[in-house]
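Colleague: I would like to learn how to read a model like this. Please take me through it feature by feature.

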Amino acid sequence: MTTPSPNPSAAKWVNSHAAPGDTEVTYFEGSPPVRAHTGKLCVYGLIGLVLLVIAGLLIHKRVGPWWLVVGIIVVGLAVPWLPMLFAKSIRYRITSYRIDFERGLLAKNIDTMELWHVEDLHFHQSLFERILNVGSITVLAHDDSLPKLDLFGIPDPRPIYDMLKDRVIAVKRQRGVIKMDQG
């Protein structure tokens with residue numbers, strides 16, 4: 001539970017689980033960049049190009065009703081924009097105490113994962129993602145509503161991953177959470 005800081009113009013929040021004077025710091029907030037969807041951009045671009053070629057052939061051969069050709073052209077021009085919409089429909093907010101995962105363009109769903117619930121972190125960055133400086137972080141948690149959270153397309157992901165590792169340990173120590181091995 002967070003409460004606003006005493007200064008109403010301050011942008012930071014005070015975490016009720018934190019030590020006095022400790023504010024919640026935002027490490028990353030935003031959507032995956034469109035470059036993280038480069039593969040989808042290429043595929044959807046090719047689909048759009050094929051649709052435009054089909055529309056051109058229909059116009060050249062004078063086959064089919066005019067509304068069908070116009071519909072194919074509209075769809076062919078719209079399809080390459082879909083990956084951008086996918087990218088903008090996802091938003092992450094990674095702070096020193098929690099991760100918020102927001103998704104949706106018209107309707108919004110927001111899930112929150114407290115860092116003290118986190119059990120394990122996994123970092124993945126393919127060669128192509130390294131070239132584009134994006135990557136994925138998978139967060140596994142002891143949380144019934146959100147046991148696995150995939151943070152896809154994070155720009156400059158390695159520092160965020162390293163920070164998350166450190167913050168998970170710090171938050172667990174702060175809350176007195178002890179991991180017990182069964183065996």
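**Reading the model**

Modeller: Start with Glu24, which is buried at a relative accessible area of 3%. Buried means under 20%, exposed over 50%, partly exposed in between (1.4 Å probe, protein chains only). This is a predicted model: local features need pLDDT of at least 70, side-chain atom pairs 80 or more, while totals for chains, interfaces and linings use all residues. Residues are numbered from 1 along each chain as its sequence is written, and side-chain values use heavy atoms, without hydrogens and water.

Colleague: Which side chains make a polar contact with the side chain of Glu24?

Modeller: A polar contact is a pair of N or O atoms within 3.5 Å; within protein, one must be able to donate a hydrogen and the other to accept it, and residues adjacent in sequence count only if both atoms are side-chain atoms. Here Glu24 contacts the side chain of Thr95 at 2.5 Å and that of Arg98 at 2.5 Å.

Colleague: What is the strand order in the open sheet of four strands?

Modeller: Strands of a sheet pair through backbone hydrogen bonds, either parallel or antiparallel. Pairing takes at least two DSSP bridges between two strands. The order here is β4-β5-β6-β7, with antiparallel pairing. At the edges, β4 (26-30) and β7 (109-114) each pair on one side only. Four bridges join β4 to β5 (residues 90-95). Phe28 stands opposite Ile94 in β5.

Colleague: Is Trp66 buried or exposed?

Modeller: Trp66 counts as exposed because its relative accessibility is 65%. The residue is found in helix α2 (residues 66-78). Helices are DSSP runs (H or I, at least four residues), strands likewise (E, at least two), numbered from the N terminus.
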